[in-house]
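Hello,

Here is the structure I said I would pass on. Please have a look at it first; my notes follow below.

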Amino acid sequence: MPPQSTPSVRRIGLSLGADDCWPLCYEGILSDLDLELALGKERVRFEVERVPIVPFSLRAPQRYDLVIDRLTHWYDLSREWIKKSILLDGLYVFNNPWAVQSMEKHTSYCAMMRLGMPIPETWLIPPKEYEDKPDLNTTLQRYAKMFELGDVGDAVGYPAFLKPFDGGGWVGVSRIENRDDLQRAYDASGKFVMHLQASVEGYERFVRCIGVGPQRRFVNYDPTAPLHARYTKEKDFLSPADELHLEKVLLTINAFFGWDFNSCECLSKDGTWHPIDFANPCPDSQVTSLHIHFPWLIKSILRWSLFCAATKRPVRPTLEWERFFEIADTDLPYAEKLDGYAALARDHFQTDAFDAFCEEHLGDLDEVAWEYFGSDRARDAVHRKVRSLFPEHEWESFTEMFWQDIQAWREEDAAERAATAKR
Ligand SMILES: Nc1ncnc2c1ncn2[C@@H]1O[C@H](COP(=O)(O)OP(=O)(O)O)[C@@H](O)[C@H]1O
Ligand SMILES: [Mg+2]
């Protein structure tokens, strides 16, 4: 049979909040790519739209093949629209909204402990204060036992970190050196339910591992730097063995929770990598944090979303934990278990099919993105993000700084691609 005459359209929705820079770059590069893929007998084109916030019938069909979502973790209407669209229309969404909603940091610690990952010693502590509720006093009088906070601190050991069990963005995080610190920080913690977690002290490396589908990037992270400089520009700071190890950890976490994009913080101490914060399924995607790493993120989101939309990758509303637990329950050493989890994860992310798809259909992406990131449209995207974050007198200097970072990336990228072509 000849190929069809009218191309089919895959419609990608962007469910956005205050995002400025990355959607503009995503839309701009997709438009410049002007793709028309030959997939079997089908010819496939792509359209991208921003998802509006409107009332909806639970039975109303929706228009998208895939949605990249940045709202589920805090905006209920969009989250519930996405849940309905998965259940009733089979919509593919980055990320699984049920996993985002319910797998907070605490669940992620427990689940990864179950798989044998070296999560530092962590306790959960009843909150200092409560929202008044009808049965609260009776419940607490009957069941809440008095406890000695300092004993919990001693059991965890010092230094430690007191932080919300579902935290993010460093809100309510305190470093605790001793019993007095602990008491002070707990007294100020209000209604938050807090973890006390042993510090990975004197770590050698603090790495942010960013995952998009089967793709990953490792960034050396400096938590002491000002916000715009925490993602450092350091390169080649990991041995191949460490890269492989962190890739397995990251893919395992993301496949386990059904997260298409996520970032995972790992600290290395005496040769062991400790994941400490890995429930970040709406990861920082701003040029003002990521600078030279930003083009990688945009290209990775493009590749993975185009693959999922083009091939109609089925959405998986439920998770498949039992397959991981079967491996966890064997007598294998941890390194071999991790190999097993990573194999499940690579399978989950269709790594081979994805690589073949990129090779066959997205050969122009690197060049098109490189051109785009030298354009006025890209500079405008950077400028808009800067305007939303910094005071007016810094707009020009910060725009120029991030713009130069992206131009530095372009120089390196051109050199690397030339070297690859030569080989
Ligand atoms: N166990 C730990 N060991 C060392 N540093 C930690 C630990 N827990 C938290 N921190 C420090 O506190 C910061 C915030 O904690 P994190 O768990 O990442 O919270 P959030 O989810 O708010 O980012 C981390 O980036 C790190 O610098
Ligand atoms: Mg963190």
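Pro159 sits in the loop between α6 (149-156) and β7. The peptide bond that joins Tyr158 to Pro159 is cis, with omega about -5 degrees. Please keep in mind that this is a predicted model. Asn95 belongs to the loop between β5 (92-94) and α3 (97-102). Most peptide bonds are trans, and most residues other than glycine have a negative phi.

Trp170 is not a glycine, yet its phi is positive, at about 65 degrees. Its place is the loop between β7 and β8 (174-176). Is Trp170 buried or exposed? Trp170 is exposed: 10 other C-beta atoms lie within 10 Å, and a residue counts as exposed at 12 or fewer. Asp236 also has a positive phi, near 50 degrees. Asp236 is in the loop between β11 (215-220) and α8 (240-257). Asp236 is exposed too, with 6 other C-beta atoms within 10 Å.

Next, a hairpin. β12 and β13 run antiparallel and are joined by 5 bridges. Ser268 is opposite Trp273 of β13. There are 2 residues between the strands, and Asp270 in this hairpin has a positive phi near 50 degrees.

Now the ligand. The shell has 17 residues, of which Phe161, Ser199, Val200, Pro223 and Asp277 come nearest. By class, 9 are nonpolar, 5 polar and 3 charged.

Where does ligand 1 lie relative to the domains? The chain is divided into domain 1 (8-96), domain 2 (121-198) and domain 3 (205-422). Domain 2 and domain 3 both give residues to the shell, so ligand 1 lies between them. The centres of these two domains are 33 Å apart, taken over C-alpha atoms.

Last, the chain as a whole. The chain has 16 helices and 13 strands. Its radius of gyration is 23 Å, close to the 22 Å that the globule rule gives for 423 residues, so the chain is as compact as a globular protein of that length. Along the principal axes, its C-alpha atoms fill a box of roughly 75 × 55 × 50 Å. Buried residues account for 36% of the 423. Of the contacts between residues at least 6 apart in sequence, 73% join residues at least 24 apart.

Best wishes

Note on methods
Residues are numbered from 1 along each chain as its sequence is written. Chains are lettered from A and ligands numbered from 1 in the order in which they are written. This is a predicted model: local features need pLDDT of at least 70, side-chain atom pairs count only at pLDDT 80 or more; totals for chains, interfaces and linings use all residues. Domain bounds come from an automatic or database domain assignment. A residue is near a molecule or strand if its C-beta atom, placed from the backbone, lies within 6 Å of it. Ala, Val, Leu, Ile, Met, Phe, Trp, Tyr, Cys and Pro count as nonpolar, Asp, Glu, Lys and Arg as charged, and the others, Gly among them, as polar. Two strands pair if DSSP finds at least two bridges between them. Helices (H or I, at least four residues) and strands (E, at least two) are DSSP runs, numbered from the N terminus. The radius of gyration is taken over C-alpha atoms; the globule rule is 2.2 Å times the number of residues to the power 0.38. A residue is buried if 20 or more other C-beta atoms lie within 10 Å of its own, exposed if 12 or fewer, and partly exposed in between; C-beta atoms are placed from the backbone. Two residues are in contact if their C-beta atoms, placed from the backbone, lie within 7 Å.
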